[in-house]
Amino acid sequence: MKALFFKIIPYVIMLLAVLAWAFGFVLYKETLIAWWEPLLMALILAIATLFFYKKWQWLTHSDNKILNGICHLFHASAFCYLMILGGNFMLADPSSTREEVTVLSKHIETHKQTRRIGSHRYVPAGERKEYYLQVIFKNGTRKKLPVSLSTYNKTRTNATRTLTLEKGFFGYTIIKKGI
């Protein structure tokens, strides 16, 4: 039983790192921040702790410095990315503000759907449409926001819409209630 536990742990650690990246990306979608800022902060923190690369030998089963360094960069930056965006979101100031944003453009993304009809056989099953508004804030920040079909149809280009925003713990604005 103990041997099985030690065989499963590396896969669990890898899954946790991938989930940290995924949850961080979900939080990024709700935050008004350039895509490279939290990524750069996470990489800087991971590089600052790169001297811990030897601690990853239990996961890689190798003495290779490059492999262990890459493993450290991947896992440490995933953790830092989630902590930066998660801390900004969870520790945000609860007082919210409402801001008028201007709709720059509207667009629809169409995706093909398939359905499975047998083993290894898929046929077209129609299309799925996603509706987006490109908005600009008073400070010049642009953001592509997903909206429902009814909101998409009601909104006109160059119209103003109201968003509920909160100031995050690290100073990055969070969209609490969309259009």
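Begin by selecting helix α2, residues 36-48: at 1.5 Å a residue its 13 residues should span 18 Å, and the end C-alpha atoms are 18 Å apart, which agrees. The expected span is 1.5 Å times one less than the number of residues. Helices (H or I, at least four residues) and strands (E, at least two) are DSSP runs numbered from the N terminus. This is a predicted model, in which local features need pLDDT of at least 70 and side-chain atom pairs count only at pLDDT 80 or more, while totals for chains, interfaces and linings use all residues. Residues are numbered from 1 along each chain as its sequence is written, and side-chain values use heavy atoms, with hydrogens and water left out.

Within α2, display the side chains of P38, A42 and A46, which are buried. Buried means under 20% relative accessible area, exposed over 50%, and partly exposed in between (1.4 Å probe, protein chains only). Seen down the axis of α2, the buried residues fall within an arc of 70 degrees, so they line one face of the helix; the arc is that of the directions from the helix axis to the C-beta atoms.

Six strands form an open, antiparallel sheet in the order β1-β6-β5-β2-β3-β4, where two strands pair if DSSP finds at least two bridges between them. At the edges stand β1 (31-32) and β4 (142-147), each with a single partner strand, so one side of each is left without a neighbour in the sheet. Select β3 (residues 121-136) together with β4: this antiparallel pairing runs over six bridges. One place to look is Q134, whose bridge partner in β4 is K144.

Centre the view on I175: leaving out residues up to four places away in sequence, I175 touches E30, L32, F137, L145, L163, T164 and L165, contact meaning heavy atoms within 4.5 Å.

For the aromatic rings, which pairs should be selected? The whole structure holds seven aromatic pairs. Rings of Phe, Tyr and Trp (its six-membered ring) pair if their centres lie within 6.5 Å; planes under 30 degrees apart count as stacked, over 60 as edge-to-face and the rest as tilted. F25 and Y28 have ring centres 6.0 Å apart and planes at 35 degrees, so this pair is tilted. Both lie in helix α1 (residues 2-29), three residues apart, about one turn of the helix. F25 is partly exposed at 43% relative accessible area, whereas Y28 is buried at 15%. Move to W56 and W58, a stacked pair with 6.5 Å centre to centre and 20 degrees between the planes. Finally, select W21, F74 and Y81, which form one aromatic cluster.
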